[in-house]
Amino acid sequence: MLELDATEHPTELLERFNSYLECEFPKHGQKWEGCTHLYFSVCNRSHWYAVEVDIAKSTMFIYDPDRIYSTDDQIRADLKPMTMILPMLLKKINIVIDALAIERITTTSKQSNS
C-alpha cells in the first residue's frame, strides 16, 4: 500500500488490491488456502491497535496496551467498518464469514503512560 502513488485512481487501487488477494503481488505472496488467522495493525484517532482475526471464531481480537486511551465502546465504533469490509474482501477469496465480532483482549501487558 505504501508503494501506491496518491494520484492513482480508485479503480487502479482496487486492481492492485485484487492482485494482492490473488497472490500475484507481492511476488513472495502466499496462497490464502488454509488461512486461519489474519494479523494487522490499525491506526484510528492517532492511536494504534494490533488486530488478530480468528476466521473460525468470526472474531476480531483487539490488543491495546494503553487501556486508558479508548473505551470498549470507542474501539467497537472505530473498528465497526472493518467488521463489514473484511468479510466482503475475504469472500473474494472464498473465505466466508457472515459477521465479525469485536473482542478486546485485556490480558496483555499494560502501557504505563498514555
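**A guided reading of a predicted model**

Visitor: In which element of the protein chain is confidence lowest, and in which is it highest?
Guide: The confidence of this predicted model is given as pLDDT, the predictor's confidence in each residue, from 0 to 100. Helix α1 (residues 10-21) has the lowest mean in the protein chain, 71. The highest mean, 94, belongs to β3.

Visitor: What share of the residues score at least 70?
Guide: This is a predicted model, in which local features need pLDDT of at least 70, side-chain atom pairs count only at pLDDT 80 or more, and totals for chains, interfaces and linings use all residues. Residues are numbered from 1 along each chain as its sequence is written, and side-chain values use heavy atoms, with hydrogens and water left out. The protein chain averages a pLDDT of 80. The share of residues that score at least 70 is 81%.

Visitor: What pattern does the protein chain follow along the sequence?
Guide: Helices (H or I, at least four residues) and strands (E, at least two) are DSSP runs, numbered from the N terminus. The protein chain has two helices and four strands. Read in sequence order, they give the pattern α-β-β-β-α-β.

Visitor: Which strands are the edge strands of the sheet?
Guide: Two strands pair if DSSP finds at least two bridges between them. The four strands form an open sheet with mixed pairing, in the order β1-β2-β3-β4. Each edge strand pairs on one side only, and these strands are β1 and β4 (101-105).

Visitor: Which residue in β2 stands opposite cysteine 43?
Guide: β1 and β2 run antiparallel and are joined by eight bridges. Along this pairing, histidine 37 faces aspartate 54, and serine 41 has alanine 50 as its bridge partner. Opposite cysteine 43 stands tryptophan 48.

Visitor: Which residue takes a positive phi in the hairpin of β2 and β3?
Guide: β2 and β3 pair in the antiparallel sense over five bridges, with valine 53 opposite methionine 60. Their hairpin has four residues between the strands. The residue there with a positive phi, near 50°, is serine 58.

Visitor: At about what angle does α2 run to β4?
Guide: Axes are lines fitted to C-alpha atoms, for helices over the stretch in contact, and angles run from 0 to 180 degrees between N-to-C directions. Contact means heavy atoms within 4.5 Å. α2 lies across β1, β2, β3 and β4. Its angle to β4 is about 130°.

Visitor: How many of the eight residues of β2 are buried?
Guide: Buried means under 20% relative accessible area, exposed over 50%, and partly exposed in between (1.4 Å probe, protein chains only). Buried residues make up 32% of the 114 residues in the protein chain. β2 is largely enclosed by the rest of the structure, because the number of its eight residues that are buried is six.

Visitor: How many disulfides does the structure hold?
Guide: A disulfide is a pair of cysteine sulfur atoms within 2.5 Å. Cysteine 35 is partly exposed, at 21% relative accessible area, and cysteine 43 is also partly exposed, at 42%. The number of disulfides is zero.

Visitor: What distance separates the C-alpha atoms of threonine 107 and aspartate 64?
Guide: Threonine 107 is placed in the segment after β4. With a relative accessible area of 74%, threonine 107 is exposed. Threonine 107 and aspartate 64 are 43 residues apart along the chain, and their C-alpha atoms are separated by 9.8 Å.
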